[in-house]
Amino acid sequence: MTKDQAHYPPVDAVSVGLRGRCPRCGDGALFSGFLGVKPACGVCGLDNSFADAGDGPAVFVIMIVGFIVVGLALWLEVNYSPALWVHLIMWIPLATVLSLGLLRALKGLMIALQYRNKAAEGQIDRG
């Protein structure tokens, strides 16, 4: 990532990340499947070997979806006290759809922010 000498106009990391586009040019696709990152951009040739989102997107998805689903489930229980099966048929599909919908977008966002901020593994200076 430090050897990137190409001159491209800056792109908004949030918009390209959420859309799953290349963090350098904003045109090429970042993903080669649902969550697999392409080895390089098909438009500008950016080497995506720097991209390591790790567990960050999953943690954010858990927090966001958990807040929404648990909050709505508690509200429904306090106000209407439905049967357990109502909770099961409402919250399991909602949590699944929200999780799958957010995971790809947040992974793209994390990778775009890594590129913009030149994030890399920490190194110990032994000099």
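**The second largest pocket and its surroundings**

Tutor: Sorted by class, the residues lining the second largest pocket are three nonpolar, two polar and two charged, where Ala, Val, Leu, Ile, Met, Phe, Trp, Tyr, Cys and Pro count as nonpolar, Asp, Glu, Lys and Arg as charged, and the others, Gly among them, as polar. This is a predicted model, in which local features need pLDDT of at least 70 and side-chain atom pairs count only at pLDDT 80 or more, while totals for chains, interfaces and linings use all residues. Residues are numbered from 1 along each chain as its sequence is written, and side-chain values use heavy atoms, with hydrogens and water left out.

The lining is made up of Phe50, Asp52, Gln114, Ala119, Ala120, Glu121 and Gln123. A pocket here is an open set of points on a 1 Å grid over the protein atoms alone, where a 1.4 Å probe fits, with protein on both sides within 12 Å along at least five of seven lines, and a lining residue has an atom within 4 Å of a point. The volume of this pocket is about 160 Å³, meaning the space filled by probe spheres set on the points, which are joined across faces, edges and corners.

Phe50 is buried at a relative accessible area of 14%, because buried means under 20%, exposed over 50% and partly exposed in between, with a 1.4 Å probe and protein chains only. Rings of Phe, Tyr and Trp (its six-membered ring) pair if their centres lie within 6.5 Å, and planes under 30 degrees apart count as stacked, over 60 as edge-to-face and the rest as tilted. By this rule there are two aromatic pairs. In one of them, the ring centres of Phe50 and Tyr115 are 5.6 Å apart with the planes at 45°, so the pair is tilted. This pair joins distant parts of the chain, since Phe50 is in the loop between α1 (13-19) and α2 (56-80) and Tyr115 is in helix α3 (residues 84-116), 65 residues apart; helices are DSSP runs (H or I, at least four residues), numbered from the N terminus. Tyr115 also counts as buried, with 15% relative accessibility. The other pair, Trp75 with Tyr80, is edge-to-face, at 5.7 Å centre to centre and 75° between the planes. Here Trp75 is partly exposed at 47%, whereas Tyr80 is exposed at 58%.

The segment after α3 holds Lys118, which has a positive phi of about 55° although it is not a glycine. Most residues other than glycine have a negative phi. Lys118 is exposed, with a relative accessible area of 63%.

Another residue of the loop between α1 and α2 is Phe31, which is buried at 6% relative accessibility. Apart from neighbours within four places in sequence, Phe31 has contacts (heavy atoms within 4.5 Å) that include Arg104, Lys107 and Gly108. Helix α3 also contains His87, buried at 13% relative accessibility, and with sequence neighbours within four places again left aside, the contacts of His87 include Ala73, Leu76 and Glu77. Ala73 and Leu76 are among the buried residues of α2, and the buried residues of α2 pack against α3.

Conventions:
Helices (H or I, at least four residues) and strands (E, at least two) are DSSP runs, numbered from the N terminus.
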